[in-house]
Amino acid sequence: MKYVFPEDFWWGSASSALQTEGDSRQGGKSPTIWDTWYANQPWRFHQQVGPQETSTFYRNWRQDIALLKQLNHNSFRTSLSWSRLIPDGTGEVNPQAVAFYNNVIDELLAQGIKPFITLFHFDMPMAMQEKGGWENRDVVAAFSRYAQICFELFGDRVMHWFTFNEPIVPVEGGYLYDFHYPNVVDFKRAATVAYHTVLAHASAVRAFRAGLYAGEIGIVLNLTPSYPRSQNPADVSAAHHADLLFNRSFLDPVLRGEYPADLVALLKTWDQLPACQPGDRALIAEGKIDLLGVNYYQPRRVKCRDSAVNPLAPFMPEWLFENYEMPGRKMNPYRGWEIYEPGIYDILTNLRVNYDNPRCFISENGMGVENEQRFIENGQINDHYRIEFVSEHLKWLHKGISEGSNCLGYHMWTFIDNWSWCNGYKNRYGLVQLDLASQQRTVKKSGEWFAATAADNGFNERETNDD
């Protein structure tokens, strides 16, 4: 069986500024929330590895882009660092940052690789967080200005822009579940952060449209299908609530220009609605995108609650559902995540059936594995498990496209083993191995497989099982 993908399919990978650049306090860059959190609580980070150097892309960009070319990428997504480009968040543009990003964009284009550029990937400048971060509408205005500056500086060459990567994650991590700074647990504040992020997104889209730039603008969402334990109405309702909170809270505003009425009613019931201002509704309606990036790693399985909520506990999403462990599920034991390949097809089908089949692409999909050195054979990591993971997801992606889904590409997370927030370098995701001590880069077996797949615009079933 040969799986062939549409002509001009985007084969590539994704990364972010903070996770790859390094030089986190060099080149005129100011601290992000990650620099500050690491300085204050290094023990929260795996093996106390912080964001100072990550995978040294700031110094090795030319060599790394040559590797992208070797892996037959025709596209590559990374982000710009707000704190590198505008160190105080609102003031002067840093010329060293402009030179660096110009070099990266120009070299990508010279190698025939389309730059896909994200404006914000979890790395709030500390100068902005001190003003309240996304809780403060002044920061929304500052982001809008930052976006406009990026379009002006790079919009003549960048044809694919994304306002945010996974905007629900700073909401969950920073304001609900304590795995991002500022480590707040408060649903009302979380709802405000989510709402203001949508306003920031829409204001950037409005600036892009007003500037009549070439190219297109979108957003990258981590869509996690919510599957109920059973078709019992209580389980179905639980899955619906999870879907509203974690998927549709961003998906509906960016594709439909408005929030789901069910979500508004739900937040009203629990007195968790954020404060709205005149003009917000019109602005959100202007935030409709040209291109949706879909990050998919795992499904969300839920059931109705089996026990009463403690009324003295802070209101949390889990008042409305409980997580459910499906018997017999396939697991990535290193990350503790379920592997469910049909999820990628279910997302595409939902977009096609319920959201007018938007132009989209898989912007992240990947498998993190601990201690990959044990799989070294003849100096190379034989990560056959990653080849299987990718090929099985691509089969379901192919099915979605064959049924009419408007999916234009597939990007792996990630190109080179990178720093992963509080997890540091615990789980490796790269097509390329990074030796932390020497910073040497070595292509893994999966990198060779991916290069062949991209060159061939598809793969044969039997090729995936060679190992």
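Trainee: Which residues line the largest cavity?
Mentor: This is a predicted model, so keep in mind that we are reading a prediction. A cavity is a space where a probe fits but cannot get out. Here the lining of the largest cavity is made up of Ile 33, Phe 120, Phe 122, Met 124, Gln 129, Trp 134, Pro 170, Gly 174, Tyr 175, His 180, Tyr 181 and Pro 182.

Trainee: Which element gives the largest share of that lining?
Mentor: Helix 8 does, with 3 residues.

Trainee: And how does the lining of the largest cavity divide by class?
Mentor: There are 9 nonpolar and 3 polar residues, and no charged ones. As for volume, the largest cavity comes to about 100 Å³. The structure has 6 cavities of 30 Å³ or more.

Trainee: Okay, now pockets. What is the volume of the largest pocket?
Mentor: A pocket, unlike a cavity, is an open set of points. The largest pocket in this model holds about 1,200 Å³ of space. It is lined by 40 residues, and Glu 172, Phe 179, Gln 298, Arg 335 and Trp 337 are the closest to its centre.

Trainee: Which elements give two or more residues to the lining of the largest pocket?
Mentor: Look for helix 8 (168-175), helix 10 (233-256), strand 9 (300-303) and strand 12 (337-338). Helix 8 turns up again with the largest share of this lining, 3 residues. By class, the lining of the largest pocket splits into 16 nonpolar, 14 polar and 10 charged residues.

Trainee: What about the second largest pocket: what is its volume, and what lies nearest its centre?
Mentor: Its volume is about 600 Å³. Of the 25 residues that line the second largest pocket, Tyr 195, Tyr 259, Val 264, Leu 273 and Pro 274 sit nearest the centre. At least two lining residues come from each of helix 8, helix 9, helix 10, helix 11 (261-269) and helix 12. Helix 9 gives the largest share, 5 residues. The classes here are 19 nonpolar, 3 polar and 3 charged.

Trainee: Let's switch to charges. How many salt bridges does the count come to?
Mentor: Start with the idea: side chains of opposite charge can pair when their charged atoms come close. In this model the count comes to 34 salt bridges. Take Glu 364 and Arg 77, whose closest N and O atoms are 2.9 Å apart. They link distant parts of the chain, with Glu 364 in strand 13 (residues 360-364) and Arg 77 in strand 3 (residues 75-79), 287 residues apart.

Trainee: Are Glu 364 and Arg 77 buried or exposed?
Mentor: Both are buried. Now try Arg 209 and Asp 290, which form a salt bridge with 3.1 Å from N to O.

Trainee: Could you show me another pair?
Mentor: Glu 461 and Lys 395 meet in a salt bridge at 2.5 Å, N to O. Glu 461 is in the segment after strand 21 (458-460) and Lys 395 in helix 14 (residues 384-402), 66 residues apart. Glu 461 is partly exposed at 25% relative accessibility, whereas Lys 395 counts as buried at 13%. Elsewhere, salt bridges that share partners join Glu 372, Asp 383, Arg 386, Asp 417, Arg 428 and Lys 444 into one network.

Trainee: Last one: where is Asn 332, and what is Asn 332 in contact with?
Mentor: Asn 332 is placed in strand 11 (residues 331-332). It counts as buried because its relative accessibility is 4%. Its side chain reaches the backbone nitrogen of Tyr 334 at 3.0 Å. Setting aside neighbours within four places in sequence, Asn 332 is in contact with Trp 337, Ile 339, Met 367 and Gly 368.

Terms used:
Residues are numbered from 1 along each chain as its sequence is written. This is a predicted model: local features need pLDDT of at least 70, side-chain atom pairs count only at pLDDT 80 or more; totals for chains, interfaces and linings use all residues. Side-chain values use heavy atoms; hydrogens and water are left out. Helices (H or I, at least four residues) and strands (E, at least two) are DSSP runs, numbered from the N terminus. Buried means under 20% relative accessible area, exposed over 50%, partly exposed in between (1.4 Å probe, protein chains only). A polar contact is a pair of N or O atoms within 3.5 Å; within protein, one must be able to donate a hydrogen and the other to accept it, and residues adjacent in sequence count only if both atoms are side-chain atoms. Contact means heavy atoms within 4.5 Å. A salt bridge is a side-chain nitrogen of Lys or Arg within 4 Å of a carboxyl oxygen of Asp or Glu. On a 1 Å grid over the protein atoms alone, a cavity is a set of points where a 1.4 Å probe fits but cannot get out, and a pocket is an open set with protein on both sides within 12 Å along at least five of seven lines; lining residues have an atom within 4 Å of a point. Grid points are joined across faces, edges and corners, and a volume is the space filled by probe spheres set on the points. Ala, Val, Leu, Ile, Met, Phe, Trp, Tyr, Cys and Pro count as nonpolar, Asp, Glu, Lys and Arg as charged, and the others, Gly among them, as polar.
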